[in-house]
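Please look over the model below before reading on. These notes cover some side-chain contacts and a pocket.

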Amino acid sequence: SGFLIPQWTIDLNVSANSARLDSAQQLTVVCHDSGVLIVHMDLQIANRNISTLDAVNDADWDDDGDLWLAYYAGRRRAEEIDSEGPTGVVSPQISTGFNGFEVLSDGRVVVGAYDKKVYVSENDGTFLRTLTDSTAIVNTVMEDHNGDLMVGTANGKLFRYNTTSWTVETLSLTHGSSIVSIEEFDNSTYHIGTQNGRLTQVDVTGFSEGDTYASSGRVIG
């Protein structure tokens with residue numbers, strides 16, 4: 001009816017860098033400059049606090065339920081944490097730093113870097129491959145419902161990789177704006193957000209550009 005009604009709130013007393021739900025939608029990890037907080041959605045409490053020396057920019061769960069913390073600068077890698085604490089398993093360090101991070105549904109770790117490349121490693125930290133199709137900084141990566149890897153770049157290009165064969169499809173958005181967010185709606189449409197306020201719809205099946213809407217500011221979701 002045109003109203004958003006809050007169901008509950010919790011004050012974590014941090015400035016959040018990012019947040020993600022786990023696959024069961026029971027836990028939300030909130031990343032901040034001193035670590036992460038894990039909020040239990042049913043209990044409506046922060047039931048775990050993990051402190052780190054460096055700012056955590058993003059985090060995601062793997063297929064074993066372990067948490068990976070992503071450090072875009074400083075450590076410039078992702079590190080695994082289980083229920084006991086750090087496991088010692090880390091992804092390869094990216095010397096240039098990175099700005100995109102995703103743990104695939106099979107546990108593989110993906111980072112999109114400032115050096116225009118995408119790096120893929122096994123769940124045990126072993127390096128697997130480098131994707132070099134982009135000619136611009138990789139800003140964001142996302143796994144869709146088909147298990148394909150979506151990659152958005154600073155020059156308005158969208159790449160879709162089959163994560164089994166690593167074949168790639170490429171779509172250059174007509175406005176050429178820097179892509180900073182990718183989301184999927186109803187398994188049928190990608191929503192592509194840009195640095196300068198554009199929101200472009202892309203058809204999942206045909207991988208073709210649809211309508212674009214314009215506003216002001218950075219479209220983060």
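1. Start with Arg20. This is a predicted model, and in it Arg20 has a relative accessibility of 17%. The cut-off for buried is under 20%, so Arg20 counts as buried.

2. Now find Asp58. Its relative accessible area is 9%. Asp58 is therefore buried too, by the cut-off of under 20%.

3. How do the side chains of Arg20 and Asp58 meet? They form a salt bridge, with 2.9 Å from N to O. The two residues come from distant parts of the chain. Arg20 sits in strand E1 and Asp58 in strand E5, 38 residues apart.

4. The pair does not stand alone. Which residues are linked with Arg20 and Asp58 in a network of salt bridges? Asp60 and Glu102 are. Trace the four of them on the model.

5. Next, the largest pocket. About 1,200 Å³ of space lies in it. Its lining is made up of 37 residues. Those closest to the centre of the pocket are Ala19, Arg20, Asp58, Phe101 and Glu102.

6. Which elements give two or more residues to the lining of the largest pocket? They are strands E1 (18–21), E5 (58–61), E9 (98–103), E13 (138–143) and E17 (179–185). Strands E1 and E5 hold the Arg20 and Asp58 pair.

7. By class, the largest pocket is lined by 14 nonpolar, twelve polar and eleven charged residues.

8. How many salt bridges does a search of the whole structure find? It finds eight. One of the salt bridges joins the side chains of Asp54 and Arg75, at 2.6 Å from N to O. This pair also links distant parts of the chain, 21 residues apart. Asp54 is in the loop between strands E4 (45–51) and E5. Arg75 is in the loop between strands E6 (67–71) and E7 (77–82).

9. Is Asp54 buried or exposed, or in between? Its relative accessible area is 27%. Buried means under 20% and exposed means over 50%, so Asp54 is partly exposed.

10. Finally, look at Asp106 and Arg108. Their side chains meet in a salt bridge, 2.8 Å from N to O. Asp106 has a relative accessible area of 37%, so it is partly exposed. Arg108, at 14% relative accessibility, counts as buried.

Note on methods: Residues are numbered from 1 along each chain as its sequence is written. This is a predicted model: local features need pLDDT of at least 70, side-chain atom pairs count only at pLDDT 80 or more; totals for chains, interfaces and linings use all residues. Side-chain values use heavy atoms; hydrogens and water are left out. On a 1 Å grid over the protein atoms alone, a cavity is a set of points where a 1.4 Å probe fits but cannot get out, and a pocket is an open set with protein on both sides within 12 Å along at least five of seven lines; lining residues have an atom within 4 Å of a point. Grid points are joined across faces, edges and corners, and a volume is the space filled by probe spheres set on the points. Helices (H or I, at least four residues) and strands (E, at least two) are DSSP runs, numbered from the N terminus. Ala, Val, Leu, Ile, Met, Phe, Trp, Tyr, Cys and Pro count as nonpolar, Asp, Glu, Lys and Arg as charged, and the others, Gly among them, as polar. A salt bridge is a side-chain nitrogen of Lys or Arg within 4 Å of a carboxyl oxygen of Asp or Glu. Buried means under 20% relative accessible area, exposed over 50%, partly exposed in between (1.4 Å probe, protein chains only).
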